Structures are given as C-alpha cells and as structure tokens.
Amino acid sequence: MIKLSHRIGQVEPSPTLAITARAKELKAQGIDIISFGAGEPDFDTPQPVVDAAIRALKEGKTRYTAASGLPELRQAIAQRYKSRGREVAANQVIVTVGGKQALYNATQAIFNEGDRVLIPAPYWVSYPAQLRLAGAEPVILSTRSEEDFKLTAAALRAALEQAPTRGLILCSPSNPTGATYTADELRALATVLRDFPEVVVFYDAMYDELYYQGALAPDLVASAPELEGRVITFNGFSKTFAMTGWRLGYAIGPAEVIAALGTLQSQSTSNATSFAQYGALACFELDDSLLAERRQAFMKRRDLIVGLLREIPGVICPEPTGAFYAFADFSAYIGDAPGQFKSDVALSEFLLEEARVAVVPGSAFGHPGGLRLSYATGESLIQEGLRRIQQALNDRPD
C-alpha cells in the first residue's frame, strides 16, 4: 500500500465542488435539482473569443508558449491595468492555468514553514488549503454581517500586533459574500499596513468587473500606490467573460516575484493552453456594452434573490455589491431546539435531499451558520429554488 505524504492529509476536497458534484449526480438520476452551488456564470463565452480560439487552432497555434504566457497576452493584460491607473509592465504579469494556479504558485513561492497569514472570514475555500500546503499558518479573522463581512482597519491592526505576520489575503468583490471594499476602506487598511512593511498582500480581484456600483471595483494598488511593491494582484477570465472551463488566470506583481512564479510554473504545468490564450486576447477587444448587459442581468438577479431570502422568517442577508453570491445568515435554523438543525452542513444536506436545492454551507467558508447561494442562474430558477427552500423549512419535522 502506498503511503501518502503528510501534506495531502492536511487538505480536504473543495466543498463547493463536492456540492456541485452531488447535485449533478442527483440530476443524472433524473431528479430535478436546482443548484446554487458553483460560481459559474450561465452565460456563454463571448463568440469573438470562441472564434479567436478556433482560428488559432486552424492556424496551427498549438505549440508550447513561454511558460509565463504569450508575450502579447501579458502585454494586453498590462495595458488593461494601465488604463485603470496602474503602471504595469508585461514582465510583471504571468498567465496561469486559472486564477487558482496563480494563487497556488504565489503561495508556494512566497510563504515559508510557519509563516502567519491573515484571512478574513468568510473566505474562498482554497485560501487556507493552499497555505497549509506551503507549510504556512492560516489565521482566520472573523468579520460581521453588520459591517458587510469586511475587515476593518482596527481589526487588522489588532491582528498584526498580536504576532509577527507574513501575509494578508483580501478578496474584493468577495467570494462568498459579494462584499466590496471601497477605495476609502482600502486606504484605511493601507494606512495600517504601512506600519508592518514585512506583510505581503494577496489581492484577489477575480470579480472586479462584476461590480454593481460602477464599471470596476476599487483596486488596492490604485487606491494605495505605496503598497505596490508588496501586493500580488490575482485575476482571470473565468467569471467576467464566462470562461470557467478555459482555465485562464493571471497574477500581477513585482517583476522579481513574477519571475519566481514563472520558474515554479515551468516545473509544473508549463504554459497555459496555447489556443485558449489566443482566444483570451479577443477579450480585450470586446465592446463594453456586452459586460454592461451581463452586469445588469446579475444585478437584477441579485435584487430578486436577496428579496426572496429576506422573506424567509429569521434569515438575514446583506446586499452584495459585486460578484454573484448571496451569503445569508440561517443561524435561526441551527441549534439544539426542536425543528433546528445541528449545523449548517446538516441544513444544506436537508435542503438538497428534501427541497432538491443545492447550496453551500457557510462553515466551508469559515463562517458557520450561513449559506452561500450563487445567483449565476436564471430568474425562474431563482424563484423556484427559493420557493422550495421556504416550503421545505416550513414543512420540516419538529
């Protein structure tokens, strides 16, 4: 029998993917399941992007590219950030096999055994797992729904003063809450970080163009340029351009850090898929109206799902300002009293089996008592799914 490494024993399968897999399994059995699980837009990849990838295939652009990505794609990404008020050169960009790989590479390249890294909760499920694989110590900082689940400057300072700290991970707009830091809030965090120059900041901006108070969510480096030398920005094509299966992400940071990520990538996956990269180039030529239309559709769905969640007795749901997730507090249904569930996991299992609705428990994101619902699906499914949830809760046994 082959003995596995101690590293893999520290990592659990992604709960969001597990929920999605179980929902698909039930669907394959002919059961009508409405899934609010995976963070995957239901829109198609824009046709010009598809056409560009097909053209690349027909033109034989199927060879290796540079491990860090096509030079022209790295330049296009740099130019996109220049238009946002940041000075970015192509050698400060690496193209990866999805945003998850960009984060993984950076975690492996920057953090050492025992490094303390702060993560506000609720958090994306992969942050702690990736840190543990690097031997680092994830330190979870609780946030409050009354503050839209955002880390405050006071809480950050208290955590940094508690013990030597190597890193901080921020996600804005957030997966799983949809909360977005304002420019002023980012500057307030930066003011604290100035006093702790050894702290590296991972800024996950995967949903920055799915923002409901403007065309683009505030950027940490653009808001606080003095942090530029110690911020790694992560982004990708999956969410904004409905390209989840294409597996294309990228990271932006100091040239020497990006070079290190490239070295690591050259010994793991090598380059991201060549023709997918050529397709991605077409993203930067799309008319802004396409993204605006999709953003409006997500806003309409947000308003619908938040309104329906708030109609369920005892449920509290802050209004998301970005991404496509609602993170609702169902703690009124969790406990030891008759009719309550032992945990948010038990509640999620009940809703899947009895209501035929897939949601992700908040404990997967470090915030027990909540449920994350992705509204990257049609309005009729949102209405029916919330009807089923409310009906199942009304009919639950005492």
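Guide: Tyr250 counts as buried, with a relative accessible area of 4%. The model here is predicted.

Visitor: Why is Tyr250 called buried?

Guide: Buried means under 20% relative accessible area. Tyr250 has 4%, so the word applies.

Visitor: Why is Tyr81 called buried, too?

Guide: Its relative accessible area is 1%. The cut-off is under 20%, so Tyr81 is buried.

Visitor: How many aromatic pairs are there in the whole structure?

Guide: A search finds 16 aromatic pairs. Tyr81 and Tyr250 form one, with 6.4 Å from centre to centre and 85° between the planes.

Visitor: What makes Tyr81 and Tyr250 an aromatic pair, and of which kind?

Guide: Ring centres must lie within 6.5 Å. Here the value is 6.4 Å, so the rings pair. An angle over 60 degrees counts as edge-to-face. The planes are 85° apart, so this pair is edge-to-face. The pair links distant parts of the chain, 169 residues apart: Tyr81 is in helix α3 (residues 71-82) and Tyr250 in strand β8 (residues 249-252).

Visitor: How do you know what kind of pair Phe111 and Phe202 form?

Guide: Their ring centres are 5.2 Å apart, with 40° between the planes. Stacked needs under 30 degrees and edge-to-face over 60, so this pair is tilted. Phe111 sits in the loop between α4 (99-110) and β3 (116-121), and Phe202 in strand β6 (residues 200-204), so the pair ties together parts 91 residues apart in sequence. Phe111 is buried at 3% relative accessibility. Phe202 is buried at 1%.

Visitor: Which residues do ring pairs link into a cluster?

Guide: Phe43, Tyr207, Phe298, Phe324 and Tyr325.

Visitor: What makes the charged end of Arg84 sit over the ring of Tyr81?

Guide: The distance to the ring centre is 4.6 Å. The rule asks for within 6 Å, and within 35 degrees of the ring normal. The charged end of Arg84 counts as sitting over the ring.

Visitor: Which residues touch the most other members of the largest nonpolar core?

Guide: That core has 38 residues, and Ile305, Leu309, Phe330, Leu386 and Ile389 touch the most other members. The elements giving two or more residues to this core are α11 (288-310), β9 (325-329), α12 (344-355), β12 (370-374) and α13 (379-395). α11 gives the most, six residues. Another core lies apart from it, with 36 residues, including Ala102, Phe111, Ala136 and Leu352. In soluble globular proteins, nonpolar side chains tend to be buried together.

Visitor: What does Leu386 touch?

Guide: Leaving out residues up to four places away in sequence, Leu386 touches Phe36, Ile305, Leu308, Leu309, Ile312 and Leu373.

Visitor: Is Val95 buried or exposed, and how do you know?

Guide: Val95 lies in strand β2 (residues 93-96). Its relative accessibility is 0%, and the cut-off is under 20%, so Val95 is buried. Its contacts include Leu73, Ile77, Leu248 and Tyr250. The C-alpha atoms of Val95 and Ile252 are separated by 9.2 Å, though the two are 157 residues apart along the chain.

Visitor: Where does the largest share of the lining of the largest pocket come from?

Guide: From α1, with six residues. The pocket has a volume of about 840 Å³. Its lining has 37 residues, of which Ala38, Gly39, Glu40, Lys239 and Thr244 lie nearest the centre.

Visitor: Which peptide bond has omega near 5°, and what is it called?

Guide: The bond from Ala121 to Pro122, and it is cis. Pro122 is in the loop between β3 and α5 (126-133). A cis bond also joins Ser172 and Pro173, with omega about -10°. Most peptide bonds are trans.

Visitor: What is the phi of Phe149?

Guide: It is near 60°, a positive value in a residue other than glycine. Most residues other than glycine have a negative phi. Phe149 is buried at 10% relative accessibility.

Visitor: Why is Arg356 called partly exposed?

Guide: Its relative accessible area is 26%. Buried means under 20% and exposed over 50%, so Arg356 falls in between. Arg356 also has a positive phi, about 60°.

Note on methods. Residues numbered from 1 in each chain as written. Predicted model: local features only at pLDDT ≥ 70, side-chain atom pairs only at ≥ 80, totals over all residues. Heavy atoms only, no water. Core = buried A, V, L, I, M, F, W, Y, C linked by side-chain atoms within 4.5 Å. Buried < 20%, exposed > 50% of the residue type's maximum accessible area, 1.4 Å probe, protein only. Helix = DSSP H or I, 4+ residues; strand = E, 2+ residues; numbered from the N terminus. Contact = heavy atoms within 4.5 Å. Phe/Tyr/Trp six-rings, centres within 6.5 Å; stacked < 30°, edge-to-face > 60°. 1 Å grid on protein atoms, 1.4 Å probe; cavity = no way out; pocket = protein on both sides within 12 Å on 5 of 7 lines; lining within 4 Å. Points joined across faces, edges and corners; volume = space filled by probe spheres on them.
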